[in-house]
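Please keep the sequence and the model in view while reading.

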Amino acid sequence: MCNIKEDNHITPTVTVVMGVYNSSTSLRRAVESIITQTYRNWEMIICDDASTDNSYEIACRLAQEDNRIKVLRNKQNVGCNIVLNRCIEQAQGKYIAIMDSDDVSLPTRLEKEVELLEKNPQYAIVGTSAIHFNEKGDFMTMHYKERPQPADFAHGITHSHPTSMIRREAIMKIGLYKSDKHMHRVEDYYMMVCLYAHGYRGYNLQEVLFRYRDDENSFVNRKWKNRRNEIYTFWHAFHKLRLPFWHYLMLLRPVLVGMLPRPIYNFLHRRPWK
């Protein structure tokens, strides 16, 4: 952990958690988007997952500039879910805000998410709409259903994970993110499934409060191993949520997507939709 002097301060309402791996080109921009938030009562816990570039050094410099930032470091790469668990276990805030190291939170994100959760105790999760961008610029705006229900998980994740703020007591109740190797790359989906299975519910602000990095090379990550992981995870999710049998037809979706040629996949992937 960086040797940063900690000043006494009021216990934060929000803990922003961020896993970092080889993010030297985008890390400062992502962290500064939190520093410049209109909502000020936060702490940020960054965990570097054994980066091979200078991400850890950049994170330490940011912590020196703002004592609300704490930086942890893993000796070996363990994956995003374990990294986020480590951050959450050290969190002081009653709300956990997810933040990825290559994205940007717009200035009022935390303020509006906190306001929603403070005024609506029936919700444990709040997400937002997001602009997707890549090295060529913005290409679509993604919206999610305002008040998702368990059956909506049959069609995919119901809250954009990196835009989400979650009550810490709720995520601790479900045992944080799972470490099942067969859920690699879809641990965020299953974490939210577990929240809904425990009776928690969420809300999606329809306002764009986030910028999400969505590179052209996402097709490269579309490996059959990951598609198998999706099928495995969706099967367990549908069972956990006790969805009717006809929803299991959606298990074919990862297979069909995996068979799409790259141009068609990119076209469909970049269509604005709700």
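Arg-28 and Glu-32 are four residues apart in helix α1 (residues 27-35), which means that about one helical turn separates them. Helices here are DSSP runs of H or I with at least four residues, and strands are runs of E with at least two, numbered from the N terminus. This is a predicted model, in which local features need pLDDT of at least 70 and side-chain atom pairs count only at pLDDT 80 or more, while totals for chains, interfaces and linings use all residues. Residues are numbered from 1 along each chain as its sequence is written, and side-chain values use heavy atoms, leaving out hydrogens and water.

Side chains of opposite charge can pair when their charged atoms come close. A salt bridge is a side-chain nitrogen of Lys or Arg within 4 Å of a carboxyl oxygen of Asp or Glu. The structure holds twelve of them. Arg-28 and Glu-32 form one, with their closest N and O atoms 3.0 Å apart.

Arg-28 also meets Glu-65 in a salt bridge, at 3.1 Å from N to O. This pair links distant parts of the chain, since Glu-65 is in helix α2 (residues 55-65), 37 residues from Arg-28. Arg-28 is partly exposed at 29% relative accessible area, and so is Glu-32 at 34%, whereas Glu-65 is exposed at 53%. Buried means under 20%, exposed over 50%, and partly exposed in between, using a 1.4 Å probe and protein chains only.

Another salt bridge joins Asp-138 and Arg-211, whose closest N and O atoms are 2.8 Å apart. Asp-138 lies in strand β7 (residues 137-142) and Arg-211 in strand β9 (residues 202-213), so the pair ties together parts 73 residues apart in sequence. Arg-211 is partly exposed, at 22%. Through shared partners, salt bridges join Arg-28, Glu-32 and Glu-65 into one network.
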